[in-house]
Amino acid sequence: MNNDFLSTERQKKNPFQTPEGYFEGLEDAVFEKIKAQGIQRPATITSVKKAGDKRRWLYPGLMAAASVSLIVAVWLLLRPAPVANYAATQADISAEDLHACLLDNAAELDMDQLAVLYDQAEPVSPPGASFPAPHDSVPGEPSEKSLKTDDIQLLINDLSEEELEEIL
Amino acid sequence: MQVRISPKTDIDEQILELLRSGPGFERGFRLLMQHYRERLYWHIRRLVLLHEDADDVLQNTFIKVYKGILQFEGKSKLYTWLYRIATNEALTYLQSKARHTATPLEEVCLVLSSTLKADQWFDGDEAQWQLQNAIARLPEKQKLVFNMRYYEEMPYEEMARVLDTSVGALKASFHHAVKKIETQLMSEP
């Protein structure tokens, strides 16, 4: 035997044989053996278990997320309104804004307040007057914003003697 | 019963999908046997040498696979997992044979190789028989590595996964096995 013995392709030829049709009959032989040994078919737990495992982690996660969301929502709804910083608010409101606000709410003002308003200098048209009214205006209906000096005069004229005396 | 195989999907995926589907379990298991029976048989046969023994070991391998296939997590290739089971079954078979006859494992392998000549399922000539005789004298691991590399031409990386060892160790084992076989064959008349 020489050293090249192993490298000859002839030696790689499979010297073993099997009975004819052995491989074709193998499957049935295995199943017969399984049956003879009383081996039960394994339950398909693996795939179900895997899916179950995922759900088992998913549900608490979702529940925790929902709980946190609910707590945040409740807190946002029920939290006390932030206390306004009066100084800052006052500084932020210009004289024009204040005047416009008074004019807008003139109908709700009492006579003393109206008198003060009347003494003010020429009213400045409120900023943002070009914006549409908060509700659709009805033609012919006097707008609160169109309260002019004449209107105030008329209001005063409508007052009784006693009311005027009380104001004065 | 022949199971038709769709060429579009990976065969291992198809097998595992069927096995895990419940109703398709038997079909999946038949497909697994059809696909791997020959490769596993020859792997086992080269270790145990006789057809009857190889048949027993292969059937036991498939029964083990049947019982445990749903625990297969797909961390390795199905082929690698099956090879490991087949290898363990073959080695366990040889060891139990040695225990029953109260003879060392190496002795059992030599006896088996000597009976090959008379075996109706061995078709080799004198040179091939001598080669089988020389392989039978190798230590267990070297025998495995030599067969997987020389006959099955399995890449070292794949072999490393089956035998759970390093590529370097496998190369060294193969080198030692070849040297021993050459020495053994040269000593033959």
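Which side-chain oxygen reaches to the backbone nitrogen of A127(B) at the start of helix 6 of chain B? In this predicted model, a side-chain oxygen of D125(B) comes to within 3.3 Å of that backbone nitrogen.

**Helix 6 of chain B**

- Helix 6 of chain B covers residues 126-136, and because 10 of its 11 residues are buried, this helix is largely enclosed by the rest of the structure.
- Among the buried residues are W129(B), L131(B) and I135(B), and the list also includes Q128(B), Q130(B), Q132(B) and N133(B).

**Extent of the interface**

- The size of an interface is often given as the accessible area lost when the parts come together.
- For chain A and chain B, the buried area is about 4300 Å², and carbon and sulfur atoms give 62% of this area.
- Chain A brings 37 residues to the contact, while chain B brings 52 residues.

**Pairs across the interface**

- Three salt bridges are counted between chain A and chain B, and one of them joins R37(B) to E27(A), with the closest N and O atoms 2.9 Å apart.
- There are also 11 residue pairs in polar contact across the interface of these two chains, counting pairs with both residues at pLDDT 80 or more.

**The side of chain A that touches chain B**

- Helix 1 (9-12), helix 2 (22-36) and helix 3 (45-78) of chain A are the elements that each give two or more residues to this side.
- Helix 2 of chain A gives the most, with 11 residues.
- By residue type, this side of chain A divides into 17 nonpolar, 11 polar and nine charged residues.

Methods: Residues are numbered from 1 along each chain as its sequence is written. Chains are lettered from A and ligands numbered from 1 in the order in which they are written. This is a predicted model: local features need pLDDT of at least 70, side-chain atom pairs count only at pLDDT 80 or more; totals for chains, interfaces and linings use all residues. Side-chain values use heavy atoms; hydrogens and water are left out. Contact means heavy atoms within 4.5 Å. Buried area is the accessible area (1.4 Å probe) that two parts lose on being put together, summed over both. A salt bridge is a side-chain nitrogen of Lys or Arg within 4 Å of a carboxyl oxygen of Asp or Glu. A polar contact is a pair of N or O atoms within 3.5 Å; within protein, one must be able to donate a hydrogen and the other to accept it, and residues adjacent in sequence count only if both atoms are side-chain atoms. Helices (H or I, at least four residues) and strands (E, at least two) are DSSP runs, numbered from the N terminus. Ala, Val, Leu, Ile, Met, Phe, Trp, Tyr, Cys and Pro count as nonpolar, Asp, Glu, Lys and Arg as charged, and the others, Gly among them, as polar. Buried means under 20% relative accessible area, exposed over 50%, partly exposed in between (1.4 Å probe, protein chains only).
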